[in-house]
Amino acid sequence: MDLVQLQRQLVDYKTSLYNEGFLDEQFTQLQELQDENNPDFVVEVVSLFFEDSERLLNELTKALEQQSVDFKRVDAHVHQLKGSSSSIGAQRVQKVCIAFRNYCEEQNIEGCVKCLQQVRHEYSLVKTKLESMFQLQQQILSAGGSIPM
Amino acid sequence: MVLGKASSSSLSMKSDEDVVNNNNNLRVLVVDDSPMIRKLHDMYLKKFGLEVQVAENGKNAVELFRFGASFDLILMDKEMPVMDGAEATKELRAMGVKSMIVGVTSLDSPYEKQVFMEAGLNYCFNKPLIADNISFLLQELNKNNNDKN
């Protein structure tokens, strides 16, 4: 595939991520912060998000497996996940977190378990999509092109 | 600063350039337990020409002040381990710290925001901060600095 096609593919891909609600305006803000002095900023922040999320998902799994579930603890983890997902614009993850917190408040364990499944799913979707996007960007850069915004 | 030949230029008179350059002298402390958020806010603030330091929790922030550090602006997360944002804010105010303290939180309820404000905040914003929030804060900071002159 030639450079122009790659660039077009990237633009289309990004657009679809916004249209399907995977990313929102906050991600755009993130990209605008990147410059020649910090060319890997977006990738770095997103990597931190991945690390953070994986840790939180593990904590959530453990917390919900307990004999007697500590809902405050579960809520604290979801709260963090909500914060970090909204900070990078991972809208669908954020939305599940909102529902998740409601179930925590109700101390509804079934609801919480369901939400954990959902949030895992949404997280793995957005992770895959962001990784694909970064790969595409890398291909463009390697071909000597620049990233279309 | 140029000591010109003009007779009436007073040393305390500020030109437009000085007002813009004021940002370079402003020191900001970002207090948040999430490495991702610290990185994000750090980047935003550096873009505005500010000097940034970070702290992982409320206790570390308070200790910085105890050891004689000073900042013009503190961005304080609410939910942190060891010492949370509200407690840290109360301590700082009790220590006589007059710097601008701005709460940054993903707390949903207006009641919780109110409680946080009452700990001694100047303002409270939703996480994550966006460029507009920072512009606003800088305006306020520069206003305060100009009033002092």
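This is a predicted model: local features need pLDDT of at least 70, side-chain atom pairs count only at pLDDT 80 or more; totals for chains, interfaces and linings use all residues.
1. In the second largest pocket, at least two lining residues come from each of two helices of chain A, namely α3 (41–65) and α6 (109–142). Of these, α6(A) makes the greatest contribution, with 4 residues.

2. The volume of the second largest pocket is about 370 Å³, and its lining consists of 15 residues, among which Gln34(A), Pro39(A), Gln137(A), Leu141(A) and Ile147(A) lie nearest the centre. Sorted by class, the lining of this pocket holds 7 nonpolar residues, together with 4 polar and 4 charged ones.

3. Turning to the interface, chain B brings 18 residues into contact with 23 residues of chain A. The area buried between chain B and chain A is about 1,700 Å², and carbon and sulfur atoms give 61% of that area. On the chain B side, Met36(B), Lys39(B) and Met43(B) supply 36% of the area that chain B buries against chain A, which is more than any other three residues supply.

4. What volume does the largest cavity have? The volume of the largest cavity is about 90 Å³, and the count of cavities of 30 Å³ or more comes to 1.

5. Residues of both chains line the largest cavity: chain A is represented by His79(A), Gln80(A), Gly83(A) and Ser84(A), and chain B by Asp33(B), Ser34(B), Ile37(B), Asp77(B), Glu79(B), Ser106(B) and Lys127(B). Helix α4 (residues 71–88) of chain A provides the largest share of this lining, 4 residues. By class, the lining of the largest cavity divides into 1 nonpolar, 6 polar and 4 charged residues.

6. As for the fold of chain B, the chain has 6 helices and 5 strands, and along the sequence these follow the pattern α-β-α-β-α-β-α-β-α-β-α. Among the contacts in chain B between residues at least 6 apart in sequence, 63% join residues that are at least 24 apart.

7. Finally, on burial and surface, 44% of the 149 residues in chain B are buried. The accessible surface of chain B comes to about 8,000 Å², and 50% of that surface belongs to carbon and sulfur atoms.

Methods:
Residues are numbered from 1 along each chain as its sequence is written. Chains are lettered from A and ligands numbered from 1 in the order in which they are written. Side-chain values use heavy atoms; hydrogens and water are left out. Buried means under 20% relative accessible area, exposed over 50%, partly exposed in between (1.4 Å probe, protein chains only). Contact means heavy atoms within 4.5 Å. Accessible areas come from the Shrake-Rupley method with a 1.4 Å probe; for residues, only the protein chains shown count as cover. On a 1 Å grid over the protein atoms alone, a cavity is a set of points where a 1.4 Å probe fits but cannot get out, and a pocket is an open set with protein on both sides within 12 Å along at least five of seven lines; lining residues have an atom within 4 Å of a point. Grid points are joined across faces, edges and corners, and a volume is the space filled by probe spheres set on the points. Ala, Val, Leu, Ile, Met, Phe, Trp, Tyr, Cys and Pro count as nonpolar, Asp, Glu, Lys and Arg as charged, and the others, Gly among them, as polar. Buried area is the accessible area (1.4 Å probe) that two parts lose on being put together, summed over both.
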